[in-house]
Amino acid sequence: MEGLVITPNEADEKLPKSAGRSCEAVGVKNSLRLRFLAALGAHEYFSPEMWRAAFTELVATASLLFTLTSSIISCLESGEVDPKLLVPIVVFVIAFLFLLVTVPLSGGHMSLVFTFIATLKGVITFARASIYILAQCIGSILGFLIIKTVMDQNAAQKYSLGGCTIKGSGSTSGVGTQTALMVEFACTFVVLFVGVTVAFDKRRCKELGLAMVCAVVAGAMALAVFVSITVTGRVGYAGVGLNPARCLGPALLQGGRLWDGHWVFWVGPILACSVYHCVSLNLPNKGLKSVEEECDILKGESNV
């Protein structure tokens, strides 16, 4: 029987060379395919926890947009001398509460902006990002569908269902697409630079705690909204979107002038995320040292 045993080396020699090369090619192809799927995070499509988190994003986005939009319209209809000053306060309070609840559950994105930058930074996989974005868009449609059902038709027409507009109707002029794009880019970048820089820093998150980090992000959003609705001073411009999904829902349900310059509310945030990602790569990894620490280092007294 020993004469019939074929060793691995002998087996390789008995195989045709073309067959050996074919097996190697198949192996390399499968390896590249597996690496590509791993890089995308395709395994998360089969993760129940990921789908629970996506469902959380859907429900949270719908609830946030319904609450936020109806509250902002209520402020504008309050009869105050300058109701725009109330809007940033409302944005801060509502955003803070929703972030505080959802961050431990799904990461508290509720916006394509946060999902996109988290993907660029490698915080979440492409697979999770794709499902999050789909959930946020569906959540936006559901949230504004509820608003359209319960809102007075005159108010819905007056405020375009609370959607993202850059051009007014009738005598209201609004702003040009270039101005709207610049405001969208600048305000989104401010939110990323102030809020996300803190939120993605593990050390500072641990030092500040969840509540303070949520307050910083919500404060950055409120600041961006305040700047956008005051800097242009134009009636008909609804202010910065900060979330393409928020602009998509009312555009699909209401249509009309909500489609005018709609691309601005997608291109602006995407450009801001891309630029911020490049900037964040060049930020210091460690904080600045105090004068005393610098002197100790120069004296050779620092601990190794």
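Predicted model: local features only at pLDDT ≥ 70, side-chain atom pairs only at ≥ 80, totals over all residues.
User: How do the axes of helix 6 and helix 11 cross?

Analyst: Helix 6 covers residues 126–150 and helix 11 covers residues 244–254; their axes come within 8 Å and cross at roughly 50 degrees. That angle makes helix 6 oblique to helix 11.

User: And is the crossing left-handed or right-handed?

Analyst: Right-handed, as helix 6 passes helix 11.

User: Which residues make the contact?

Analyst: From helix 6 you have Q136, C137, S140, I141, F144, L145 and K148. Helix 11 brings A245, R246, L248, G249, P250, L252, L253 and Q254. Sorted by class, that contact has nine nonpolar, four polar and two charged residues.

User: OK, switching to aromatics. How many aromatic pairs are there?

Analyst: The count comes to four aromatic pairs. One of them is F185 with F189, a stacked pair at 6.3 Å centre to centre with 25 degrees between the planes.

User: What about the rings of F189 and F193?

Analyst: Their centres are 6.1 Å apart and the planes sit at 10 degrees, so F189 and F193 are stacked.

User: Where do these sit along helix 8?

Analyst: Helix 8 is residues 177–199, and F185 and F189 are four residues apart in it, so about one helical turn separates them. F189 and F193 are also four apart in helix 8, again about one helical turn.

User: How accessible is F185?

Analyst: F185 is partly exposed, with a relative accessible area of 24%. F193 counts as partly exposed too, at 40% relative accessibility.

User: Which residues form the aromatic cluster?

Analyst: F185, F189, F193 and Y276 make up one cluster.

Key: Residues numbered from 1 in each chain as written. Heavy atoms only, no water. Axes fitted to C-alpha atoms, helices over the stretch in contact; angles between N-to-C directions. Helix = DSSP H or I, 4+ residues; strand = E, 2+ residues; numbered from the N terminus. Parallel < 35°, antiparallel > 145°, perpendicular 65-115°, else oblique. Left-handed = near helix turned anticlockwise from the far one by under 90°. Contact = heavy atoms within 4.5 Å. Nonpolar A, V, L, I, M, F, W, Y, C, P; charged D, E, K, R; others polar. Phe/Tyr/Trp six-rings, centres within 6.5 Å; stacked < 30°, edge-to-face > 60°. Buried < 20%, exposed > 50% of the residue type's maximum accessible area, 1.4 Å probe, protein only.
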